[in-house]
Amino acid sequence: QVQLVESGGGLVQAGDSLRLSCAASGRTFSNYAMGWFRQAPGKEREFVAVISWTSSVTYYADSVKGRFTISRDNAKNTVYLQMNSLRHEDTAVYYCAAGTSSPSLRNGGARFWGQGTQVTVSS
């Protein structure tokens with residue numbers, strides 16, 4: 001089984017940057033599309049970004065497009081989310097996820113989920 005562990009969250013000021021990391025166990029990491037989702041208190045979990053097996057395809061939610069960048073290093077079994085120009089409304093628990101394809105993962109069709117890491121942006 002694949003286990004996903006997020007790290008890099010914290011408390012920052014509006015306008016600052018953070019980089020989240022997601023470390024995956026298992027021998028088949030490169031077989032999966034990888035993505036990031038987030039959930040604020042009292043809100044539904046929402047899609048943030050996804051990247052394909054070979055990093056050839058990426059997709060971002062409109063709310064983060066131009067500010068966030070997703071990347072992966074298959075040799076290190078790790079996916080990243082670089083978050084720039086953070087806003088108060090970015091405050092949420094961020095979850096790493098793995099799926100069989102980028103389109104299905106974008107729509108919430110994850111096969112594996114991480115436990116999440118808290119990102120808090122002060123206003």
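Analyst: A residue is termed buried under 20% relative accessible area, exposed over 50%, and partly exposed in between, with a 1.4 Å probe and protein chains only. By that criterion, Asp-90 and Arg-67 are both buried. The model is predicted: local features need pLDDT of at least 70 and side-chain atom pairs count only at pLDDT 80 or more, whereas totals for chains, interfaces and linings use all residues. Residues are numbered from 1 along each chain as its sequence is written, and side-chain values use heavy atoms, with hydrogens and water left out.

User: What makes the contact between Glu-46 and Arg-38 a salt bridge?

Analyst: The term requires a side-chain nitrogen of Lys or Arg within 4 Å of a carboxyl oxygen of Asp or Glu. The closest N and O atoms of Glu-46 and Arg-38 are 2.7 Å apart, so the pair qualifies. The count by this rule is three salt bridges.

User: Which salt bridges does Asp-90 form?

Analyst: Asp-90 meets Arg-38 at 2.9 Å, N to O. That pair links distant parts of the chain, 52 residues apart: Arg-38 belongs to strand E4, and Asp-90 to the loop between strand E8 (78-83) and E9. Strands (E, at least two residues) and helices (H or I, at least four) are DSSP runs, numbered from the N terminus. Asp-90 also forms a salt bridge with Arg-67, with 2.8 Å between the closest N and O atoms. Here the separation is 23 residues, Arg-67 lying in the loop between E6 and E7. Through shared partners, the salt bridges join Arg-38, Glu-46, Arg-67 and Asp-90 into one network. Asp-90 has a relative accessible area of 1% and is therefore buried.

User: Why is the aromatic pair of Tyr-32 and Phe-112 called edge-to-face?

Analyst: A pair of aromatic rings is described by the distance of the centres and the angle of the planes. Rings of Phe, Tyr and Trp (its six-membered ring) pair if their centres lie within 6.5 Å; planes under 30 degrees apart count as stacked, over 60 as edge-to-face and the rest as tilted. The structure holds four aromatic pairs. For Tyr-32 and Phe-112, the centres are 5.8 Å apart and the planes stand at 85°, so the pair is edge-to-face. Tyr-32 lies in the loop between E3 and strand E4 (33-39) and Phe-112 in strand E10 (residues 112-113), so the pair ties together parts 80 residues apart in sequence. Tyr-32 and Phe-112 are both buried.

User: What makes the pair of Phe-47 and Tyr-59 tilted?

Analyst: The ring centres of Phe-47 and Tyr-59 are 5.9 Å apart and the planes stand at 35°, so the pair is tilted. Phe-47 lies in strand E5 (residues 46-51) and Tyr-59 in strand E6 (residues 58-60), so the contact ties together parts twelve residues apart in sequence. Phe-47, at 14% relative accessibility, counts as buried; Tyr-59, at 35%, counts as partly exposed. Phe-37, Phe-47, Tyr-59 and Trp-113 form one aromatic cluster.

User: How do you know that the charged end of Arg-45 sits over the rings of Tyr-95 and Trp-113?

Analyst: The rule asks that NZ of Lys or CZ of Arg be within 6 Å of the ring centre and within 35 degrees of the ring normal. The charged end of Arg-45 is 4.0 Å from the centre of the Tyr-95 ring and 4.4 Å from that of the Trp-113 ring.

User: What makes E9 a partner of E4, and which strand residues stand opposite each other?

Analyst: Two strands pair if DSSP finds at least two bridges between them. E4 and E9 are joined by seven bridges in the antiparallel sense, so they pair. Met-34 stands opposite Ala-98 in E9. E9 also pairs antiparallel with E10 over two bridges, where Ala-97 has Trp-113 as its bridge partner. Strand E9 (residues 92-99) is mostly covered, with seven of its eight residues buried.

User: Why are E1 and E7 described as edge strands?

Analyst: An open sheet of four strands runs in the order E1-E3-E8-E7, with antiparallel pairing. Strand E1 (4-7) and strand E7 (68-73) each have a single partner strand, so one side of each is left without a neighbour in the sheet.
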